[in-house]
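I opened this entry to record what I looked up in one chain. The notes go from the whole chain to single residues.

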Amino acid sequence: MNRLSVLHFPDPRLRQPARPVEHFGTPALRERIEAMIHLMRKQHGIGLAATQVGLPLQLAVIELKDGPLTIINPHLDVLAAETDDDEEGCLSVPRVYGTVPRAKRLRLRAVDVSGTPFEVNAAGLFARVIQHEYDHLQGALFLDRCTQITSGLEEARRLNLHISPLS
Ligand code: ZN
């Protein structure tokens, strides 16, 4: 478990929907979360889903300015019909960045490492990262929603991505 690494597109494991976590508060779960936070920081990411490290579990970690947030078995309720366009990248698709429309505001319902339910209202970048990680847990990637490539066009071509460049 200590040697986690990030899977890169087009690894088919990134397309595998994750199953719910069923056992909470175990040393194994805590260790996995610690290892994922460590890896996310090492790679300068702001979010990492378990599917990105080959664990098909409904589990993701996010870290913006405040400390790390662990999300387990998440559900999203979109609170605003409006979407925002902004640039996204992904540790599983190195060097490729693109514009992705995302709901501006949402409510996240999830459980923590002990299995205790919690809710968070999120907006802006926080809401965006939650949606990005939630997608990973369904086997979806930002590439599926990306409307144009903003950076890394050559790499996108090499990967055979059919997304228009920024014009
Ligand atoms: Zn990602």
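**Overall fold**

I note at the outset that the model is predicted. I counted the secondary structure of the protein chain and found four helices and eight strands. I then read the order along the sequence, which is α-β-β-β-β-β-β-β-α-α-β-α.

**Dimensions and packing**

I looked up the radius of gyration, which is 15 Å for the protein chain; this agrees with the value near 15 Å for a compact globule of 167 residues. Along the principal axes, the C-alpha atoms fill a box of roughly 50 × 35 × 25 Å. I also checked burial: 47% of the 167 residues are buried. Among contacts with a separation of 6 or more, 65% are between residues 24 or more positions apart.

**Surface and charge**

The accessible surface of the protein chain is about 8900 Å², and carbon and sulfur atoms hold 49% of this area. For charge, I found 19 positive and 20 negative charges, with their mean positions 3 Å apart.

**Helix α1**

I took helix α1 as residues 27–42. Which residues of α1 are buried? I listed L29, I33, A35, M36, I37, L39 and M40. I then asked what covers the buried residues of α1. The cover includes β1 (47–49), β2 (59–62) and β3 (69–78). After α1 comes H44, and I noted its positive phi, near 60 degrees.

**Helix α2**

I repeated the span check on helix α2, residues 124–137. Its 14 residues should span 20 Å at 1.5 Å a residue; the end C-alpha atoms are 21 Å apart, which agrees. How many of the 14 residues of α2 are buried? I found 10, so α2 is largely enclosed by the rest of the structure. The buried set takes in A127, R128, V129, I130, Q131, H132, E133, D135, H136 and L137. G139 follows α2 and has a positive phi, near 85 degrees.

V120 lies in strand β7, residues 117–123. Leaving out residues up to four places away in sequence, I found V120 touching L106, R107, L108 and F126. L106 is 14 residues from V120 along the chain, and their C-alpha atoms are separated by 8.4 Å.

A122 is also placed in strand β7. Is A122 buried or exposed? Its relative accessible area is 4%, and the cut-off for burial is under 20%, so A122 is buried. With the sequence neighbours up to four places away left out, A122 touches K104, R105, L106, A127 and I130. Both A127 and I130 are on the list of buried residues of α2. I also took a distance from A122 to I46: they are 76 residues apart in sequence and 15 Å apart C-alpha to C-alpha.

**P56 in a loop**

Where is P56 placed? I found P56 in the loop between β1 and β2. Not counting residues up to four places away in sequence, P56 touches Q16, P17, A18, R19 and T51. I also looked up P56 against L76, which are 20 residues apart in sequence and 19 Å apart from C-alpha to C-alpha.

Terms used:
Residues are numbered from 1 along each chain as its sequence is written. This is a predicted model: local features need pLDDT of at least 70, side-chain atom pairs count only at pLDDT 80 or more; totals for chains, interfaces and linings use all residues. Side-chain values use heavy atoms; hydrogens and water are left out. Helices (H or I, at least four residues) and strands (E, at least two) are DSSP runs, numbered from the N terminus. The radius of gyration is taken over C-alpha atoms; the globule rule is 2.2 Å times the number of residues to the power 0.38. Buried means under 20% relative accessible area, exposed over 50%, partly exposed in between (1.4 Å probe, protein chains only). Contact means heavy atoms within 4.5 Å. Accessible areas come from the Shrake-Rupley method with a 1.4 Å probe; for residues, only the protein chains shown count as cover. Lys and Arg count as positive and Asp and Glu as negative; His and the chain ends are not counted. The place of a charge is taken as NZ of Lys, CZ of Arg, CG of Asp or CD of Glu. The expected span of a helix is 1.5 Å times one less than its number of residues.
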